[in-house]
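Take a moment with the sequence and the model below. We will walk through it in short steps.

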Amino acid sequence: PETHLLITIEYVNRHKIADAVAHATRAIQLDAAIAEDLKILIMDFGNAFQKENNQTIEFFTAMSEEMPLCSHMWCGLGLAHLNVSNFDQAIEAFQFQTSVDPDDPFAFVNLGESYFGKEDYAAAAENFKIANSKCDYFQFNIQIGRCYAMLKQYDDALQYFIKANDMDPFFLMKYTEIVKVFRDLGQ
């Protein structure tokens, strides 16, 4: 499966999408866990060669058609769109992902990031809150606080920043974000 995965990456980079899909499908048939690795590896390796090309988007579009019930393919498609700031398309892909796997907190994190990029901070905050409710090992309070700060709801922003703990992936930003709020308030 790993060999098929590496060949998949090469075909994506060479814009041979049908060949890439064939090898990715074979890799997943040999080891279902490859589906999760695929979205990460294609994004990591693919972007080094793509610049402004849409190979990753084309690849994950084809894979989501090939495997429409595989949430990892929708995630890959959403990440590919998010990577090039196609926020509406990213939102659509992540919404498909949540319909296939409603328990995946990172689908909601990615939705939150997409809405944040689109400057729909209220929707972003709601998706980060859903992610908080579905995730036992991470919390996304810094992201929620950043949404409220952008909405100029500074009291709510501070509450989320204050309750952020080391389980928040952006915990190290906690104090920086608090300082930004006080700066925005002229304090």
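This is a predicted model: local features need pLDDT of at least 70, side-chain atom pairs count only at pLDDT 80 or more; totals for chains, interfaces and linings use all residues.

Start with helix 5, residues 71-83, and helix 6, residues 87-100. How do two packed helices get described? By the angle between their axes and the distance between the axes. For helix 5 and helix 6, the axes come within 8 Å. They cross at roughly 165 degrees. An angle over 145 degrees counts as roughly antiparallel. Therefore helix 5 is roughly antiparallel to helix 6. The crossing of helix 5 and helix 6 is left-handed.

Which residues make the contact between these helices? On the helix 5 side, find Ser71, Trp74, Cys75, Leu77, Gly78, Leu79, His81 and Leu82. On the helix 6 side, find Phe87, Gln89, Ala90, Ala93, Phe94, Phe96, Gln97 and Val100.

Now move to helix 2, which covers residues 17-30 and holds Thr25. Is Thr25 buried or exposed? Its relative accessible area is 13%. The cut-off for buried is under 20%, so Thr25 counts as buried. What lies 2.7 Å from a polar atom of the Thr25 side chain? The backbone oxygen of Val21 does. Set aside the neighbours of Thr25 within four places in sequence, and Thr25 is in contact with Met63, Glu66 and Met67.

Thr56 is buried, with a relative accessible area of 2%. Next, find Phe170. Thr56 and Phe170 are 114 residues apart in sequence. In space, their C-alpha atoms are 27 Å apart.

Finish with the cysteines. A disulfide is a covalent bond between the sulfur atoms of two cysteines. How many disulfides does a search of the whole structure find? It finds zero. Take Cys135, which is in no disulfide. The nearest cysteine sulfur to Cys135 is that of Cys75, 14 Å away. A disulfide needs the two sulfur atoms within 2.5 Å. Cys135 is buried, with a relative accessible area of 4%.

Cys147 is in no disulfide either. Which cysteine sulfur is nearest to Cys147? That of Cys135, 17 Å away. Cys147 is buried too, with a relative accessible area of 0%.

Methods. Residues are numbered from 1 along each chain as its sequence is written. Side-chain values use heavy atoms; hydrogens and water are left out. Buried means under 20% relative accessible area, exposed over 50%, partly exposed in between (1.4 Å probe, protein chains only). Helices (H or I, at least four residues) and strands (E, at least two) are DSSP runs, numbered from the N terminus. A polar contact is a pair of N or O atoms within 3.5 Å; within protein, one must be able to donate a hydrogen and the other to accept it, and residues adjacent in sequence count only if both atoms are side-chain atoms. Contact means heavy atoms within 4.5 Å. Axes are lines fitted to C-alpha atoms, for helices over the stretch in contact, and angles run from 0 to 180 degrees between N-to-C directions. Angles under 35 degrees count as roughly parallel, over 145 as roughly antiparallel, 65 to 115 as roughly perpendicular and the rest as oblique. A crossing is left-handed if the near helix is turned anticlockwise from the far one by less than a right angle, and right-handed if clockwise.
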